[in-house]
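Subject: Structure handover

Hi,

Here is the structure for your work. My notes on its side-chain contacts follow.

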Amino acid sequence: MANSTEITEISNNKMFGGHQKIFSHNSKTVGCVMKFAVYLPPQADEKKVPVIYWLSGLTCNEQNFIQKSGAQKYAAEHGVILVAPDTSPRGLNIPGDSESWDFGVGAGFYVDATQKPWSENYKMFSYVTKELVEIVKTNFPILEGQQSIMGHSMGGHGALICALKNPGLYRSVSAFAPISNPINCPWGEKAFSGYLGPKETGHWEEWDATELVKKYNGPSLIILIDQGSADEFYAKKQLLPENLLSACQSSNVPAILKLRDGYDHSYYYIASYIGDHIEYHMQNLSL
């Protein structure tokens, strides 16, 4: 039987003096083969370094961030490992898992599903915060306790809840255009209904950053939220970052909302500011 942290290298490309790699492994958490991308900066050849996790958005996999964000340049400059997992289990052929782009495959929402048929495999929260963390710690030169998390859209929601539900696990958290209050937006209502059951009985608030921050009790955590003003999903009230900011203010949890004039929801926007986010995390990882 394979070790639970055993991984297989799929690809390796030299980039900015380091290596962009993709791995696969048999996940016990989600019950299928999962892939994740790892950028190892040149500094990792000589010593242990911090790590930042990236969670991608709807329809994405482990490839989108590493191909489109340009983050490796900044990771090489700062000496930090970047880890980007897939967004859902794949290849399970669960009835209904491929009928829409915003639910099922490519849309795990980083929750642990409680409703059948999703509850057996759609446990992305546990995968990201437990199994993947253990795999990365075992296989790569990570400085103990020096990890942060960030993400985009659905992945921004994921990064926020991973940090808020695990006080102290991550030194810092940031999000590009996050789904900040999913219990009050169409994307979240659809996903939570399917994965968690009816709103009245599904404990949706346990998976909503705006609700979680109201009862956050842990180490100091500054939440960085980045939002483009021309984002169509911002206009359609899918993201609701102001709700999260208001909850942070009322709960005395430090938060920064950076509204970027004219930027949309795309990776062109992410590439424009990913350097700022990596610098923000490195400031916290060096404390």
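E134 and K137 form a salt bridge, with the closest N and O atoms 3.5 Å apart. (A salt bridge here is a side-chain nitrogen of Lys or Arg within 4 Å of a carboxyl oxygen of Asp or Glu.) The two are 3 residues apart in helix α3, so about one helical turn separates them. Helices (H or I, at least four residues) and strands (E, at least two) are DSSP runs, numbered from the N terminus. E134 is partly exposed at 35% relative accessibility, and K137 is partly exposed at 43%. (Buried is under 20% relative accessible area, exposed over 50%, partly exposed in between; 1.4 Å probe, protein chains only.)

This is a predicted model: local features need pLDDT of at least 70, side-chain atom pairs count only at pLDDT 80 or more, and totals for chains, interfaces and linings use all residues. Residues are numbered from 1 along each chain as its sequence is written, and side-chain values use heavy atoms, with hydrogens and water left out.

Salt bridges

The whole structure has 9 salt bridges. One of them joins E9 and K21 at 3.3 Å, N to O. E9 sits in strand β1 (residues 8-15) and K21 in strand β2 (residues 18-27), 12 residues apart. E9 is partly exposed at 40%; K21 is buried at 15%.

K190 pairs with D102, with 2.6 Å between the closest N and O atoms. K190 is partly exposed at 36%, while D102 is buried at 10%.

Aromatic pairs

There are 19 aromatic pairs. (Rings of Phe, Tyr and Trp, its six-membered ring, pair if their centres lie within 6.5 Å; planes under 30 degrees apart are stacked, over 60 edge-to-face, the rest tilted.) W101 and W187 have ring centres 5.9 Å apart and planes at 90°, so they are edge-to-face. W101 lies in the loop between β5 and α3, W187 in helix α5. W101 is partly exposed at 46%; W187 is buried at 4%.

F109 and F192 are edge-to-face too, with centres 6.3 Å apart and planes at 75°. F109 is in the loop between β5 and α3 and F192 in helix α5, so the pair ties together parts 83 residues apart in sequence. F109 is buried at 0%, and F192 is buried at 0%.

Ring pairs also link W54, F65, F176, Y263, Y269 and Y273 into a cluster.

Best regards
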